[in-house]
Amino acid sequence: MQKPRKRKQPEVRQPPQPRIKPARPSISLGKPPNDPYPTHPRPTPEECRAIRDDLLAFHGFPQEFAKYRRQQPNSSFDQAHGFLKSELLDGESKETVLDGLVKTVLSQNTTEVNSERAFESLKSAFPTWEDSCLFKVLAAESKCIENSIRSGGLAPTKASCIKNILSCLLEKKGKLCLEYLRDLSVDEIKAELSQFKGIGPKTVACVLMFHLQQDDFPVDTHVFEIAKAISWVPALADRNKTYLHLNKRIPNELKFDLNCLLYTHGKLCRRCTKKVDKQQTKESQDNPCPLLKYCKNS
């Protein structure tokens, strides 16, 4: 007798399983490294001091920065260099931090003469930086602000930036004042100022060094070009990495003087900037550049 055949059970198909890719190592999204070029040995403290002294002997200390130098805490200038102690001269007022931030915004992409003229015109239209008058700036139409700062160039952009700073400050603090930054650490100050639209690392660094008397080293076009010319950074370095590297390598006590002198030299020396500038003086054209001996191809 034939055995009954078992009925084949229908096969249950499993849904396709997703392919599991091998896990990638996690990427840290923390702060950038303190020094992007930790193996680049220059500048050394000795070289920074030597270049400071050479430029000081060549140019003297730039008068446009003298009042900020006098405000440096515990600063005592070497009498051999004609420096003064940390005191304001008669009739010289200490700028507020908000003064400094607005002045720095107005100095972007223009000459010092034009930016100073723009700031004076703004202060003439809105005479003091007391809260009541600052509210007048905040309430003013953009065209009014633009007209008062037009001599500094890029008036619409700068007027918008200034109004944004004031409105954000009013919303956050309830008053138009930045003096609270004096009680913060450098990292906290950078975080606060970077919240304002249009305020980049160079502007923050300038406010830190000039108006908050902090040990910082701004890198503008002139400083950047010289740093590359004398091999203080690798040839392919950008400005942001140059800023990080130089702030790590330059001794704090030399940062202010060295920055002011490099900026001044960069404006005047065509050998360092590799450009012909209308502001070049006969002195800079007739005398040899004191930085040539530091250039690798000199």
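## Helices and overall layout

Helices here are DSSP runs of H or I with at least four residues, strands are runs of E with at least two, and both are numbered from the N terminus. By that count the chain has 14 helices and zero strands. Keep in mind that this is a predicted model, where local features need pLDDT of at least 70, side-chain atom pairs count only at pLDDT 80 or more, and totals for chains, interfaces and linings use all residues. Residues are numbered from 1 along each chain as its sequence is written, and side-chain values use heavy atoms, with hydrogens and water left out.

Of the 298 residues in the chain, 42% are buried (under 20% relative accessible area, with exposed over 50% and partly exposed in between, using a 1.4 Å probe and protein chains only). Take contacts (heavy atoms within 4.5 Å) with a separation of 6 or more: 67% of them are between residues 24 or more positions apart.

## The largest pocket

A pocket is an open set of points on a 1 Å grid over the protein atoms alone, with protein on both sides within 12 Å along at least five of seven lines; its lining residues have an atom within 4 Å of a point. The largest one has a volume of about 1400 Å³, taken as the space filled by probe spheres set on the points, which are joined across faces, edges and corners.

Its lining runs to 45 residues, with S107, E112, K202, D220 and Y263 nearest the centre. Helix α9 gives the largest share of that lining, seven residues. The helices that each supply at least two lining residues include α3 (97-106), α4 (112-125) and α12 (252-268). By class, the lining of the largest pocket splits into 14 nonpolar, 19 polar and 12 charged residues (Ala, Val, Leu, Ile, Met, Phe, Trp, Tyr, Cys and Pro count as nonpolar, Asp, Glu, Lys and Arg as charged, and the others, Gly among them, as polar).

## Aromatic rings and lysines

The whole structure holds five aromatic pairs (rings of Phe, Tyr and Trp, the last by its six-membered ring, with centres within 6.5 Å; planes under 30 degrees apart are stacked, over 60 edge-to-face and the rest tilted). F65 and F210 count as stacked because their ring centres are 5.3 Å apart and their planes sit at 20 degrees. F65 is in the loop between α1 (45-59) and α2 (66-70) while F210 is in α9 (residues 201-211), so the pair ties together parts 145 residues apart in sequence.

K103 lies over the face of F119 at 5.2 Å from the ring centre, and K173 over the face of Y180 at 4.2 Å.

Most residues other than glycine have a negative phi, and most peptide bonds are trans. Against that background, R42 and P43 are joined by a cis peptide bond with omega about 0 degrees, and P43 lies in the segment before α1.

L154, in the loop between α6 (142-148) and α7 (155-173), has a positive phi of about 50 degrees and is partly exposed at 47% relative accessibility. Q213 is in the loop between α9 and α10, with a positive phi near 50 degrees, and is buried at 12% relative accessibility.

Technical notes:
Lys NZ or Arg CZ within 6 Å of the ring centre and 35° of its normal. 1 Å grid on protein atoms, 1.4 Å probe; cavity = no way out; pocket = protein on both sides within 12 Å on 5 of 7 lines; lining within 4 Å.
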